[in-house]
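Please find my notes on this model below. They are arranged as numbered points, to be read beside the structure.

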Amino acid sequence: MNEQQSALESRRSSGGRRGRQSKRAHAKINRVPFISRQVTTYDVLNEEGLSLIERNADFILKDIGMDFTDDPEILDLFRNAGADVQGTRVRFDPGHPRSIIQATAPSQYIQHARNPENSVVIGGNNTVLCPSFGPPFIHNLDEGRRYATLDDFHDLVKIHQMIPWLHHSGGVVCEPTDVPVNKRHLDMILAHFRYSDRGCFGALIGSERAQDSINMAKILFGEDFVDSNCVFYSVANTNAPLVLDVAMSGALKTYAANNQAVACTPWTLAGAMSPCTVAGTLAQVLAETLAVCALTQLVRPGAPCLMGSFATAISMQSGAPTFGNPEGAKMVLAAGQLARRLGVPFHTVGSLSASKLPDGQAEQEATMGLTMAVLAGANFINHATGWLEGGLVTGYEKTMMDADLCGKIVDFCQGIDLSSEAQAMEAIAEVGPGAHFLSSKHTLSNYEDAFYQSSVADNNSFEQWSAEGAKDAAQRANVLWKAHLQNYREPTVDPAKLEELEEYVFRRKSEMPDQNY
């Protein structure tokens, strides 16, 4: 028996095609805690263009200024730092916020997870993929669209924990609408700490909820550790144009004072919340980011901060937000360049879609958004999975379809393998002209992991696809998220710490009446 026949016999004895499929389905994926990109960024602006945007941002901050509302302490911080403060309006001399940021803000930092193997390095050539954030509704093929509950929140955290291509547990993966608004943050933080051992967000709205998050982190990690290390990720969204309100600034101050990361992120829909041009929107985004990042450093020099950008265009016919558009692609690519020049990590968004269903529109828009964010050199990509209906919905099937896209991105970011085995010179010599590589020694020894294998796509013949139920991608994704829930195992957590966390949540809930505003 020759080598090829022996290999074929071995494959038959292992169960043939079905056996290999089963083996792949249960194979342990060699996941990494974050992406270390081996591919370069894509720059859309030259030096002249970048300098122009920066000058325009300086003009905005000096001649127009930015409002910081309902927080006199912030105004005092800016005034004492040398800014011009008139009422709630703060103006800066050109280069002033940039100098504050560059003096103390770290270019790279670690967010520690309760499982040290899942800690992430944010900055440099690293990228962290994070699930969807904020939707009040969920959608799945079994139930359709409905309000999300705490059970959904728990299930989504568990599903995300099982996805090897995600690196972060996220934050408000859906709004648990069956819990009072003023108490939800407690249940959500507890769920992340219990059902996931990856890093997560703290609560974002207001200083009180942020402080609850810090208090719970101190129970889990220890007070001294939290003061010296980043264990939470947070976002401070501006009310574009050029306003930061107390709901965001209160949380920002709490996190920055406790040495926790804040992604300073203008939330802009071009044509409504910023100019209907890419260049105008970029100048406004940079101006707002500079002012807010500078604030984090005035609260506590050296606290991690990121330049954030959530910028897309509206439909000029309806006024609705649109995603996966070329304008948004240009904005994120240029914003990445501006962040690298500023010297802080870059935060942006990924698999966004206005589609109501996990369909072709959803994945076309998601692919454009996530790919552009990676090529922009983003260090943290929020909404990498699950987003539907302009952010109103977290889709269960969309989560699995996006997760497959994330897997492709992880593989793409590894760059091209130039090892001796990958060069395959011996294989080419073995096969020679006019033959094929299907049964070559090189192919037989590498076929299981030679290429990325999609968890969602069907590449079989029409006849086999029909025989297996003629399922589309969403139907196949429906099976996958259910399998993740079935196979989920709760990561180990110190029982005493979990009990203390549960007691804290119970006590805090009992201290305040239910409010749904």
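1. Basis. This is a predicted model, in which local features need pLDDT of at least 70 and side-chain atom pairs count only at pLDDT 80 or more, while totals for chains, interfaces and linings use all residues. Residues are numbered from 1 along each chain as its sequence is written, and side-chain values use heavy atoms, with hydrogens and water left out.

2. Salt bridges, overall. Side chains of opposite charge can pair when their charged atoms come close. A salt bridge here is a side-chain nitrogen of Lys or Arg within 4 Å of a carboxyl oxygen of Asp or Glu. The whole structure contains 25 salt bridges.

3. Glutamate 47 and arginine 341. These two side chains form a salt bridge with an N to O distance of 2.8 Å. Glutamate 47 is in helix H3 (residues 47-64) and arginine 341 is in helix H12, so the pair ties together parts that are 294 residues apart in sequence. Helices (H or I, at least four residues) and strands (E, at least two) are DSSP runs, numbered from the N terminus. Arginine 341 counts as partly exposed, at 28% relative accessibility. For these classes, buried means under 20% relative accessible area, exposed means over 50%, and partly exposed lies in between (1.4 Å probe, protein chains only).

4. Aspartate 67 and arginine 89. The closest N and O atoms of this salt bridge are 2.5 Å apart. The pair links distant parts of the chain, with arginine 89 in strand S4 (residues 89-91) and aspartate 67 in strand S2 (residues 66-68), 22 residues apart. Aspartate 67 is buried, with a relative accessible area of 18%, whereas arginine 89 is partly exposed at 28% relative accessibility.

5. Aspartate 71 and lysine 253. Their side chains meet in a salt bridge at 2.9 Å, N to O. Aspartate 71 sits in the loop between S2 and H4, and lysine 253 in helix H10 (residues 246-257), so the pair ties together parts that are 182 residues apart in sequence. Both aspartate 71 and lysine 253 are buried. Elsewhere, salt bridges that share partners join Glu208, Asp212, Arg507, Arg508 and Glu511 into one network.

6. Helices H4 and H11. The axes of helix H4 (residues 72-80) and helix H11 (residues 278-299) come within 10 Å and cross at roughly 90 degrees. Axes are lines fitted to C-alpha atoms, for helices over the stretch in contact, and angles run from 0 to 180 degrees between N-to-C directions. H4 and H11 are therefore roughly perpendicular to each other, a class that covers 65 to 115 degrees. Ile74, Leu77 and Phe78 in H4 are in contact (heavy atoms within 4.5 Å) with Ala291, Leu295, Leu298 and Val299 in H11.

7. Glutamine 337. This residue lies in helix H12 (residues 326-342). Glutamine 337 is buried, with a relative accessible area of 5%. Apart from neighbours within four places in sequence, glutamine 337 is in contact with Asp43, Val44, Leu45 and Leu50.

8. Leucine 357. The residue belongs to the loop between strand S16 (346-349) and helix H13 (360-375), and leucine 357 is partly exposed, with a relative accessible area of 45%. Leaving out residues up to four places away in sequence, leucine 357 touches His139, Ala362 and Leu388. Between leucine 357 and serine 439 there are 82 residues in sequence and 42 Å in space, C-alpha to C-alpha.

9. Backbone. Most residues other than glycine have a negative phi, and most peptide bonds are trans. The peptide bond from alanine 240 to proline 241 is cis, with omega near 5 degrees. Proline 241 is in the loop between strand S11 (232-238) and strand S12 (243-244). Leucine 242, in the loop between S11 and S12, has a positive phi near 65 degrees. Leucine 242 is buried, with a relative accessible area of 14%. Tyrosine 517 has a positive phi of about 55 degrees and is found in the segment after helix H20 (495-510). Tyrosine 517 is exposed, with a relative accessible area of 69%.

Methods: Angles under 35 degrees count as roughly parallel, over 145 as roughly antiparallel, 65 to 115 as roughly perpendicular and the rest as oblique.
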